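Please open the structure in your viewer and keep the selection tool ready. The tour moves from one selection to the next, and at each stop you can compare the text with what is on your screen.

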Amino acid sequence: MATQNLNTDVVMETANKVIQIHSTLQEQKQQNKPMETSGEQLDDMEQADNSVENTVKSNSGSEFDTSTDLNRLETTLSVSPTSPTLSAAGIAEQNSSDGPLMSEREMTRLEKFRQLLAGPNTDLEELRKLSWSGIPRQVRPITWKLLSGYLPANVERRESTLQRKRTEYFAFIEQYYDSRNDEHHQDTYRQIAIDIPRMTPESLILQPKVREIHIDIPRTNPLIPLFQQASVQKIFERILFIWAIRHPASGYVQGINDLVTPFFVVFVFEYIEGEVENFDVSSLPDEVLQNIEADSFWCMSKLLDGIQDNYTFAQPGIQRKVKALQELVSRIDEQVHKHLHQAEVEYLQFAFRWMNNLLMRELPLRCTIRLWDTYQSEPEGFSHFHLYVCAAFLIRWRKELLEEKDFQGLMILLQNLPTMHWGNEEISILLAEAYRLKYAFADAPNHYKR
């Protein structure tokens, strides 16, 4: 197992370094000092982030001692870091290299990606290690396509693969989409209606499949003008419809629309410069829009292949993950767990959405994109590592949760967590916490069961 070859001390040290740097900045803020991050601190932050992932791949230290490290984890997690207030930023702030001016360190990092991607056969393991701590915007589209398994590692095969998959997607459009209101698909629509547990009564009339997607599309990131454009909503509608028709075991379930969003935004960035929130997507050439649509469909499909039991009837995958989250939190922070229990807050009442939407409704889109850099670098990132991110995310709000004394206060907080100004620093800390939890509990599930 991975943990048998893991030097846990290195993992704990490097993850702690991220949090120590954050704590120093917080102390400066509390003392009304300018929050300056030195070049050395920035280097330490990147080295710590990289070392966490590299340790898994390259260290062959002593066997993992869960009992010792559990105590260290519980001590560290008992004090939740307070997120700094960052200036409001657009989707473009997805990692430190997205700004208009790149530092020498950022340019060096970008060059590492470009060298790795330029070879005749991309080393995917090396690409995952490099991507774990964030992917520069300039190379994120190609990197995501490779990490998702959409594109092959061999450079010579990529163009033909893209052409074949894009042609295949639009063959689906021709085959299925134009006949979406035909009687031929009534059985499919009825099955979709059964598979959607929270469908509203009015959406069961006539074409429940199309009605449900029409209801959900305008809800997709309603504060971002990009997603209110008719051309964008039409693209999302086609992607969701074709996926549902091709996956009758689940059909369309509310929340799947969110999972298209990061891919769509990242692939739009491949063709534009600057901000995307107010960009008029219809100004792009038709061929470019078709490429973005097809690539978004296939990458979303790859993601859903690994978590489809989240969306089949009764959503058993989510039920299991929420139960696992409850058991995990009860072990790492008994006080928070008991506090929720005493207020009669059920984990399913807030964590269902965390699992169903992969925290997309809890985080700004720029943070989701950064988070997905790591998810695509982790083995089973979306299906397995996400559990530990959710646990770290809950404990992040420990102080605020314990201050709420009743069910109503807790639920209002849990459904409206103040992450609007979060950025890369908060996500790095969240991932460091999640990483430590994973390697304390991932291969020893009995340790999080009482």
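**Two loop residues**

Begin by selecting Leu359, which counts as buried because its relative accessibility is 0%. Keep in mind throughout that this is a predicted model. Leu359 lies in the loop between helix H15 (347–356) and helix H16 (365–375), and its phi is positive, about 70°, although Leu359 is not a glycine.

Now move to Gln315, in the loop between helix H12 (286–305) and helix H13 (316–332). Gln315 also has a positive phi without being a glycine, with a value near 50°, and Gln315 is buried, its relative accessible area being 3%.

**Along helix H7**

Next, select residues 155–176, which make up helix H7; its 22 residues reach 32 Å from the first C-alpha to the last, close to the 32 Å expected at 1.5 Å a residue. At the start of H7, look for Asn154, whose side-chain oxygen comes to within 3.0 Å of the backbone nitrogen of Glu156.

Which residues in H7 are buried? Among them are Arg158, Leu162, Lys165, Tyr169 and Ile173. If you then show what covers the buried residues of H7, you will find that it includes helix H4 (104–118), helix H6 (140–147), helix H10 (230–246) and H12.

**Aromatic rings**

How many aromatic pairs does the structure hold? There are 24 aromatic pairs, and one of them is formed by Phe227 and Phe264, a tilted pair with 6.5 Å from centre to centre and 55° between the planes. This pair links distant parts of the chain, with Phe227 in the loop between helix H9 (208–216) and H10 and Phe264 in helix H11 (residues 256–269), 37 residues apart. Phe227 counts as buried at 1% relative accessibility, and Phe264 is buried at 0%.

For another pair, select Tyr347 and Phe350, which is tilted because the ring centres are 5.4 Å apart and the planes stand at 40°. Both residues lie in helix H15, three residues apart, or about one turn of the helix, and both are buried.

Finally, select the cluster that ring pairs build from Trp132, Trp144, Phe263, Phe267, Trp372, Tyr375, Phe382, Phe385, Tyr435 and Tyr439. As a last stop, turn to Arg396, whose charged end sits over the ring of Trp397, 4.2 Å from the centre of that ring.

Technical notes
Residues are numbered from 1 along each chain as its sequence is written. This is a predicted model: local features need pLDDT of at least 70, side-chain atom pairs count only at pLDDT 80 or more; totals for chains, interfaces and linings use all residues. Side-chain values use heavy atoms; hydrogens and water are left out. Helices (H or I, at least four residues) and strands (E, at least two) are DSSP runs, numbered from the N terminus. Buried means under 20% relative accessible area, exposed over 50%, partly exposed in between (1.4 Å probe, protein chains only). The expected span of a helix is 1.5 Å times one less than its number of residues. Contact means heavy atoms within 4.5 Å. A polar contact is a pair of N or O atoms within 3.5 Å; within protein, one must be able to donate a hydrogen and the other to accept it, and residues adjacent in sequence count only if both atoms are side-chain atoms. Rings of Phe, Tyr and Trp (its six-membered ring) pair if their centres lie within 6.5 Å; planes under 30 degrees apart count as stacked, over 60 as edge-to-face and the rest as tilted. A charge sits over a ring if NZ of Lys or CZ of Arg is within 6 Å of the ring centre and within 35 degrees of the ring normal.
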